[in-house]
Amino acid sequence: MEKIGMEMVVDEIFSRLPAKAVDRFKILSKYFRKELSTHNFELKHSRRAGNSLKKKLLSLKYESIVFDDIVGGNLELDTSKTITFPYNIHPSYSRIISSFNGLLLVCNERILCELMLWNLTTGRFKLISEDYFNHRFDRNSDTGGMYFDQFDDLKVLHIKCCRNVGTARVYSRRLDSWRKIDFLNGSKLASSSYSWSPATYSGKTIYFMVSNYWFPPGERNIVTFDVISESFSVLCFPERMEVNPCQGHFLSISNKLYVIVVGRADELIADLYKFEHDDWVKVFSFDNPHILDYQARMQRTNIIQDKKLLITSIWGDFVEVDLCNEAFNYLQHVDNYNGPKWALIIETIVSPFEYKL
């Protein structure tokens, strides 16, 4: 052990341990607590956890929260378990805004629009916003994302669209405070006619799909947030991917941005596109896409089941597709794929709190 050195033990051995094991080691001594609580160790551990084919799927049911293991794109049914929030939030009033490096950003919409950072692996959570009034009459009126800035500070982006006015602010874990930033001035995307997707992080950029579900129906926009400059921009949905009506669902695979496009031309289609060299390249088409009726939807227990993927829309539609071998080869490497009521996550030690040693 003396020849190996404790630095090698921490960096090369402890960073490969499961998050719960690392958390237990922290209580052994002040030295372990210090070394295993640094930001560099957090990043190294979460990076190695993200490269694993073992992920977790959190699903918010009406009366419960279900936690499943996903190994190599397959749902491990015998590991499914029911958990509870560490804070008094009923699942039916909860919405997942973002998932990032093992942390969830959850919105409680019952009385106040509270925002909570939660690491469900370690059980640690923190309320970071209690000052927003109830505005449930605006559909999907809050969204946001998480990222590390160039100074390795964990930041939370919160976007609020209420009464046709959009605002944005950023929370700093290090400073434990919020500040407003410039939003999309003069943009119509804050209108109640538009619905914002949860965030997808890829390549120092956070992506949102913003869809008009009222008039003109089917209009789509891609809103990007550069985490370095903390600035917004709007991209048009590629014309050659336009079918009407059409829905887009961002996901990150091996740290690259993809989008699932579901739409109806002569028949219902579901295609996977990859963003490469500033252009979208079609990867493959999903097999047998079809809309689930209410009864079939109620019988469904998860988004991945019996080699079928359930694609949930910000419009409220439920489309099911068959997963062929090609689809499995891609989906087993998914890093980030979120919906308002579910999220794909990894088990890490990333804390909602800034470490003070």
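This is a predicted model: local features need pLDDT of at least 70, side-chain atom pairs count only at pLDDT 80 or more; totals for chains, interfaces and linings use all residues.
## Sheet β4 to β7

Four strands form an open sheet in the order β4-β5-β6-β7, and their pairing is antiparallel. Its edges are β4, residues 94-100, and β7, residues 124-129, each of which pairs on one side only. From one strand to the next the twist averages 25 degrees. In general, the strands of a sheet pair through backbone hydrogen bonds, in either a parallel or an antiparallel sense.

Within this sheet, β5 spans residues 103-108 and β6 spans residues 114-119. The two are joined by 5 bridges in the antiparallel sense. L104 has W118 of β6 standing opposite.

## Second largest pocket

Empty space is located by rolling a probe the size of a water molecule over the atoms. The second largest pocket has a volume of about 670 Å³. Its lining consists of 24 residues, and those closest to the pocket centre are R47, F100, N101, Y201 and N255.

Several elements give two or more residues to this lining: the helix α4 (39-50) and the strands β4, β13 (200-202), β25 (334-336) and β27 (342-345). The most is given by α4, which provides 4 residues. By residue class, the lining of the second largest pocket holds 11 polar, 7 nonpolar and 6 charged residues.

## Cysteines

A disulfide is a covalent bond between the sulfur atoms of two cysteines. The structure has 0 disulfides.

Are C107 and C161 buried or exposed? C107 has a relative accessibility of 0%, so this residue counts as buried. C161 is also buried, because its relative accessible area is 7%. The cut-off behind both assignments is a relative accessible area under 20%.

## F67 in strand β2

F67 is found in strand β2, which covers residues 65-71. The relative accessibility of F67 is 6%, and therefore F67 counts as buried.

How far apart are the C-alpha atoms of F67 and S80? They are separated by 5.7 Å, while the two residues lie 13 residues apart along the chain.

Notes:
Residues are numbered from 1 along each chain as its sequence is written. Side-chain values use heavy atoms; hydrogens and water are left out. Two strands pair if DSSP finds at least two bridges between them. Axes are lines fitted to C-alpha atoms, for helices over the stretch in contact, and angles run from 0 to 180 degrees between N-to-C directions. On a 1 Å grid over the protein atoms alone, a cavity is a set of points where a 1.4 Å probe fits but cannot get out, and a pocket is an open set with protein on both sides within 12 Å along at least five of seven lines; lining residues have an atom within 4 Å of a point. Grid points are joined across faces, edges and corners, and a volume is the space filled by probe spheres set on the points. Ala, Val, Leu, Ile, Met, Phe, Trp, Tyr, Cys and Pro count as nonpolar, Asp, Glu, Lys and Arg as charged, and the others, Gly among them, as polar. A disulfide is a pair of cysteine sulfur atoms within 2.5 Å. Buried means under 20% relative accessible area, exposed over 50%, partly exposed in between (1.4 Å probe, protein chains only).
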